Amino acid sequence: GPVNTVSPNPATNLEFSKTLARVLHRSLGPRVPKFALKLLLGEIAEELFASTRAIPKKLIQSNFKFTYPELEAALESVLSKERS
């Protein structure tokens with residue numbers, strides 16, 4: 001049946017942004033206010049604020065071995081491949 005193919009450790013947008021900045025050795029930069037994104041992007045901006053905290057329950061129950069269960073290691077792997 002269907003399986004959520006997501007990390008076993010969900011992250012918020014802020015956690016993702018901070019981790020990405022750390023991996024790229026950059027500062028996070030200023031936050032963009034919600035109203036500004038709505039003005040710029042219109043209705044599609046709502047999708048940026050939607051939240052889904054999906055958990056790969058079936059994979060966890062089946063003892064699936066995640067290659068990168070932690071966000072930082074996953075980003076480092078993906079970005080190191082992009083840089084080379």
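Me: Before I look at any pair of residues in this predicted model, what is a salt bridge?

Reply: A salt bridge is a side-chain nitrogen of Lys or Arg lying within 4 Å of a carboxyl oxygen of Asp or Glu. In this model, which is predicted, Arg22 forms a salt bridge with Glu72, and the closest N and O atoms of that pair are 3.1 Å apart.

Me: How many salt bridges does the rule give here, and with which residue does Glu46 form one?

Reply: The count comes to 2 salt bridges. Glu46 forms a salt bridge with Lys38, and there the closest N and O atoms are 2.9 Å apart.

Me: Are the residues of these pairs, Arg22, Glu72, Glu46 and Lys38, buried or exposed?

Reply: The middle class, partly exposed, lies between the cut-offs of 20% and 50% relative accessible area. Arg22, at 45% relative accessibility, therefore counts as partly exposed, and Glu72 is also partly exposed, at 30%. In the other pair, Glu46 is partly exposed with a relative accessibility of 37%, and Lys38 is partly exposed with a relative accessible area of 37%.

Me: How should I describe the way in which two packed helices are arranged?

Reply: Two packed helices are described by the angle between their axes together with the distance between the axes. Here helix α1, residues 13–23, and helix α5, residues 71–83, pack at an angle of about 45 degrees, and their axes are 10 Å apart. The two helices, α1 and α5, are therefore oblique to each other, and α1 passes α5 in a right-handed crossing.

Me: Which residues make the contact between α1 and α5?

Reply: On the side of α1 the contact is made by Glu15, Phe16, Thr19, Leu20, Arg22 and Val23, while on the side of α5 it is made by Leu71, Glu72, Leu75, Glu76, Leu79 and Arg83.

Me: Why might residues a few places apart in a helix point the same way?

Reply: An α-helix has 3.6 residues a turn, so residues three or four places apart point the same way. In this structure, the contact residues of α1 include Phe16, Thr19 and Val23.

Me: Which residues of α1 are buried, and what covers them?

Reply: The buried residues of α1 are Thr19, Ala21 and Val23, and what covers the buried residues of this helix includes α5. Thr19, which has its place in helix α1, counts as buried because its relative accessibility is 9%, and the cut-off for buried is under 20%. Leaving aside its neighbours within four places in sequence, Thr19 is in contact with Leu71, Glu72 and Leu75.

Me: Are His25 and Asn63 buried or exposed?

Reply: His25 is exposed, with a relative accessible area of 72%, and Asn63 is exposed as well, with a relative accessible area of 67%.

Definitions and conventions:
Residues are numbered from 1 along each chain as its sequence is written. This is a predicted model: local features need pLDDT of at least 70, side-chain atom pairs count only at pLDDT 80 or more; totals for chains, interfaces and linings use all residues. Side-chain values use heavy atoms; hydrogens and water are left out. Axes are lines fitted to C-alpha atoms, for helices over the stretch in contact, and angles run from 0 to 180 degrees between N-to-C directions. Helices (H or I, at least four residues) and strands (E, at least two) are DSSP runs, numbered from the N terminus. Angles under 35 degrees count as roughly parallel, over 145 as roughly antiparallel, 65 to 115 as roughly perpendicular and the rest as oblique. A crossing is left-handed if the near helix is turned anticlockwise from the far one by less than a right angle, and right-handed if clockwise. Contact means heavy atoms within 4.5 Å. Buried means under 20% relative accessible area, exposed over 50%, partly exposed in between (1.4 Å probe, protein chains only).
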